[in-house]
Amino acid sequence: CNHFFALLQDLSSHKMKALVALKRVIDYTVKVRVRPDKLGVVKDNVKHSCNPFDEIAVEQAVRFKEAKKVTEIVAVSVGGPKTVEILRGSALALGVDKAILIKLPKDDSEVEPLAVAKILKGIVEKVKPDFVLTGKQAIDDDSCAVPQMLASMLGWSQGTFLSSVAIEGKAATISRETDVGIQKLEIKLPAVFSCDLRLNEPRYAKLPEIMKAKKKPLEEIDVAKTGVDVTPRLQIVQVSDPPTRAAGKKVKTADELVDKLKNEAKVL
């Protein structure tokens with residue numbers, strides 16, 4: 001009997017918590033247009049959704065919960081008022097237990113990666129998760145910087161560009177996508193993980209879960225209360241459309257192709 005209660009106490013002491021970071025971005029199906037002043041892109045009256053890589057992070061957190069690896073998942077996002085829709089529809093409706101919105105004054109407010117990492121560090125200290133899951137990058141600015149910055153600030157292990165991850169005890173076995181192939185590592189928890197496309201395929205929210213998500217706890221914290229200076233450190237000089245792609249050329253022989261690649265395209 002004493003052994004049974006000791007086992008229960010041991011199991012309860014190993015309950016793990018995951019924190020998942022999300023970002024509201026212009027939907028990937030939208031053709032982005034440059035603003036007339038060439039200092040950004042048009043965001044008004046444009047469809048927004050959860051960053052696709054962050055959806056993969058949410059899915060992985062939910063899979064960990066289904067596998068009894070974690071007992072609680074908390075989602076966090078830094079964004080304007082409409083970011084609530086992303087937290088409820090793309091996190092709480094999929095199995096996340098609670099959410100935190102670091103609220104910006106407007107939906108088009110911009111926060112640079114360094115400030116986001118500092119804000120997330122404060123949330124980690126508040127929530128006390130065993131690990132953090134993020135997408136590898138956001139598809140709007142493609143900075144690919146927050147996970148690495150956050151891990152450095154916390155002094156935690158980091159596993160980036162993950163194509164697989166398995167957690168056993170206080171360690172994780174991961175596979176990383178690199179330019180030269182797959183790198184397999186074992187790292188200690190706590191850790192920050194950034195998720196790549198091949199890690200999993202996110203599920204769709206079911207209607208009953210969408211309804212339940214409306215009643216799940218969602219805490220809003222004004223960004224000013226975080227104590228982080230979100231004033232931009234970078235100045236956008238100009239944003240422009242990419243140059244129009246030139247029409248292709250047909251060649252008759254392999255020798256002609258090699259000649260054009262060598263002398264015109266200069267790629268050989």
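Figure 1. Buried means under 20% relative accessible area, with exposed over 50% and partly exposed in between, using a 1.4 Å probe and protein chains only. In soluble globular proteins, nonpolar side chains tend to be buried together. Please keep in mind that this is a predicted model: local features need pLDDT of at least 70, side-chain atom pairs count only at pLDDT 80 or more, and totals for chains, interfaces and linings use all residues. Residues are numbered from 1 along each chain as its sequence is written, and side-chain values use heavy atoms, leaving out hydrogens and water.

**Figure 2. Phe131 and its aromatic neighbours.** Not counting residues up to four places away in sequence, Phe131 touches Met16, Lys17, Ala18, Leu19, Phe64, Val70, Trp156, Ile167, Leu189, Ala191 and Phe193; contact means heavy atoms within 4.5 Å. The structure holds two aromatic pairs. Phe64 and Phe131 form an edge-to-face pair, with 5.6 Å centre to centre and 75° between the planes. Rings of Phe, Tyr and Trp (its six-membered ring) pair if their centres lie within 6.5 Å; planes under 30 degrees apart count as stacked, over 60 as edge-to-face and the rest as tilted. Phe64 lies in helix α2 (residues 52–66) and Phe131 in strand β6 (residues 131–135), so the pair ties together parts that are 67 residues apart in sequence. Helices (H or I, at least four residues) and strands (E, at least two) are DSSP runs, numbered from the N terminus. Both Phe64 and Phe131 are buried, and one aromatic cluster is formed by Phe64, Phe131 and Phe193.

**Figure 3. Strand β4 between its two partners.** Eight of the eight residues of β4 (residues 72–79) are buried, so the strand is largely enclosed by the rest of the structure. Both faces are covered, with Glu72, Val74, Val76 and Val78 buried on one side and Ile73, Ala75, Ser77 and Gly79 buried on the other. In a regular strand the side chains alternate between the two faces of the sheet. Strand β1 (residues 17–22) runs parallel to β4 and is joined to it by six bridges; strands pair if DSSP finds at least two bridges between them. Leu19 has Val74 in β4 as its bridge partner. Six bridges also join β4 to the parallel strand β5 (residues 98–103), where Leu101 is the bridge partner of Ser77. From β4 the chain crosses through helix α3 (residues 83–90) to β5, in a right-handed β-α-β crossover. Right-handed means that, with the strands pointing away from the viewer, the path from the first strand over the helix to the second runs clockwise.

**Figure 4. The buried face of helix α5.** Val146, Pro147, Leu150, Ala151 and Leu154 are buried in α5 (residues 146–154). Seen down the helix axis, the buried residues of α5 fall within an arc of 130°, so they line one face of the helix; the arc is that of the directions from the helix axis to the C-beta atoms. They pack against α4 (113–127), β6, β7 (157–168) and β10 (191–195). Gly155 follows α5, and its phi is positive, near 75°.

**Figure 5. Gln137 in the loop between β6 and α5.** Gln137 lies in this loop and counts as buried at 19% relative accessibility. Setting aside residues up to four places away in sequence, Gln137 touches Asn51, Phe53, Asp142 and Cys144. Gln137 and Cys195 are 58 residues apart in sequence, and 8.5 Å apart in space, C-alpha to C-alpha.

Figure 6. Glu177 has its place in strand β8 (residues 171–178) and is buried, with a relative accessible area of 17%. Its contacts, not counting residues up to four places away in sequence, are Phe161, Ser163, Ile182, Asp196 and Arg198. Strand β8 runs antiparallel to β9 (residues 181–188), and eight bridges join them. Ala171 stands opposite Lys188 in β9, and a hairpin joins the two strands through two residues.
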